[in-house]
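Here are my notebook entries from an afternoon with this model. I started with the ligand and then looked at the rings.

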Amino acid sequence: MSSPSRTLVLLAHPDLADSRVNRVLADAVGDLEGVTVRDLSVARFRDGFDVALEQHLLLGYDTVVLQFPWYWYSVPGILKEWMDQVLTHGFAYGSGGDALHGKTLQVVTSTGGPDASYQPGGYNRFTMVELMRPLDATAHLCGMTLAEPLVVHGARTLDDATLASYAERYRSLLAGDELRATA
Ligand SMILES: Cc1cc2nc3c(=O)[nH]c(=O)nc-3n(C[C@H](O)[C@H](O)[C@H](O)COP(=O)(O)O)c2cc1C
């Protein structure tokens with residue numbers, strides 16, 4: 001019998017006290033069995049992350065969730081710093097770098113812009129799938145399967161009921177392990 005799936009949520013918000021969307025989303029999954037939420041702003045030291053610890057933690061999980069507010073068409077600086085420091089040659093990629101092979105990468109993000117703005121010819125010009133290509137390439141380089149992202153659009157205008165329904169979707173996604181691969 002195979003052991004139950006374990007999920008590590010890397011919550012990357014530089015100012016969680018000021019967050020509405022990502023706080024609600026994180027609260028929705030924090031008590032799920034097999035799910036660990038790791039607040040990177042707490043895990044981070046003055047000069048960055050304890051690389052050995054972060055790498056050791058990753059080994060114990062089947063799914064890694066990157067949860068973050070969408071900043072400048074990308075991940076916030078704290079998540080970029082985590083990636084730069086933790087996804088090292090020989091661990092995540094390159095010769096002997098197979099520690100993450102076979103794991104699933106799930107992106108969960110919130111945007112200020114509405115869904116319609118992320119279309120060709122729209123305010124933000126490109127789709128989220130196009131803009132997430134660096135994460136797609138990262139998952140591929142690390143031998144991970146990229147799941148279909150969960151994107152909460154229109155963070156500023158989202159009403160409480162819609163936010164609650166996204167939180168419920170997120171919860172059932174992680175609870176049911178319904179991670180759907182895109183590739
Ligand atoms: C520095 C910064 C950059 C941002 N860049 C974008 C962006 O490129 N596209 C977008 O749709 N929203 C952008 N936003 C809006 C955030 O995505 C939005 O405020 C966030 O998802 C709300 O989540 P929260 O309530 O958890 O903070 C940006 C916000 C900040 C503070």
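I took a polar contact to be a pair of N or O atoms within 3.5 Å. By that rule, a backbone N or O atom of Trp70 lies 2.7 Å from an oxygen atom of the ligand. I also found a polar backbone atom of Val21 at 2.9 Å from a ligand oxygen, and one of Gly112 at 3.0 Å from a ligand nitrogen.

A note on the source: this is a predicted model, with local features needing pLDDT of at least 70 and side-chain atom pairs counting only at pLDDT 80 or more. Residues are numbered from 1 along each chain, and side-chain values use heavy atoms.

Next I looked up the neighbours, counting a residue as near if one of its heavy atoms lies within 4 Å. There are 16 residues around the ligand, and His13, Ser19, Trp70, Ser110 and Tyr118 come nearest.

I found Arg6 over the face of Tyr61, 4.4 Å from the ring centre.

Notes:
Polar contact = N/O pair within 3.5 Å; in protein donor to acceptor, adjacent residues only side chain to side chain. Lys NZ or Arg CZ within 6 Å of the ring centre and 35° of its normal.
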